[in-house]
Amino acid sequence: MNRNEIERKIEELKSDYIRIQGDMEKLESLGKNGNVAYSEKLLEEIELELKQLREMLNSAV
């Protein structure tokens with residue numbers, strides 16, 4: 001992956017993260033806590049992937 005691809009993937013993941021957070025808030029307001037747990041897991045996975053991509057980006061400098 002080159003620098004531009006890494007940056008593009010980071011932006012996509014940030015967008016997904018924000019979308020999932022919004023969805024999670026809606027689910028919480030509807031009392032669907034089972035689905036909230038799944039959303040939390042997705043957010044954790046995105047956070048991990050973002051961390052890995054940032055490390056790749058830093059080493060690509």
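**Exercise 1.** Locate E45 and K41 in this predicted model, and state how many residues apart they lie.

*Solution.* Start with the element: E45 and K41 both belong to helix 2. Their spacing is 4 residues, about one turn of the helix. Next, check the side chains. They meet in a salt bridge, 3.2 Å from N to O. The cut-off is 4 Å, so the pair qualifies. E45 is partly exposed at 41% relative accessibility. K41 is partly exposed too, at 49%.

**Exercise 2.** Work through the salt bridges of E7 with R3 and of D23 with R19.

*Solution.* Take E7 and R3. Their closest N and O atoms are 3.5 Å apart. Both residues sit in helix 1, 4 residues apart. E7 has a relative accessibility of 32%, and R3 has 39%. Now take D23 and R19. Their N to O distance is 3.5 Å. They are 4 residues apart in helix 1, so about one helical turn separates them. D23 is partly exposed at 32%, and R19 at 46%. The search of the whole structure gives 4 salt bridges.

**Exercise 3.** Find which helix gives the most residues to the negative surface patch.

*Solution.* List the members: E25, E28, E40, E44 and E47. Assign elements. Helix 1 (3-30) and helix 2 (33-59) each give two or more residues. Helix 2 gives the most, with 3.

How values were computed:
Residues numbered from 1 in each chain as written. Predicted model: local features only at pLDDT ≥ 70, side-chain atom pairs only at ≥ 80, totals over all residues. Heavy atoms only, no water. Patch = residues over 30% accessible without salt bridge, like charges linked within 9 Å, V, L, I, M, F, W, Y side chains within 5 Å. Areas by Shrake-Rupley, 256 points an atom, 1.4 Å probe, with all protein chains shown as cover. Salt bridge = Lys/Arg side-chain N within 4 Å of Asp/Glu carboxyl O. Lys, Arg positive; Asp, Glu negative; His and termini not counted. Charge placed at Lys NZ, Arg CZ, Asp CG, Glu CD. Buried < 20%, exposed > 50% of the residue type's maximum accessible area, 1.4 Å probe, protein only.
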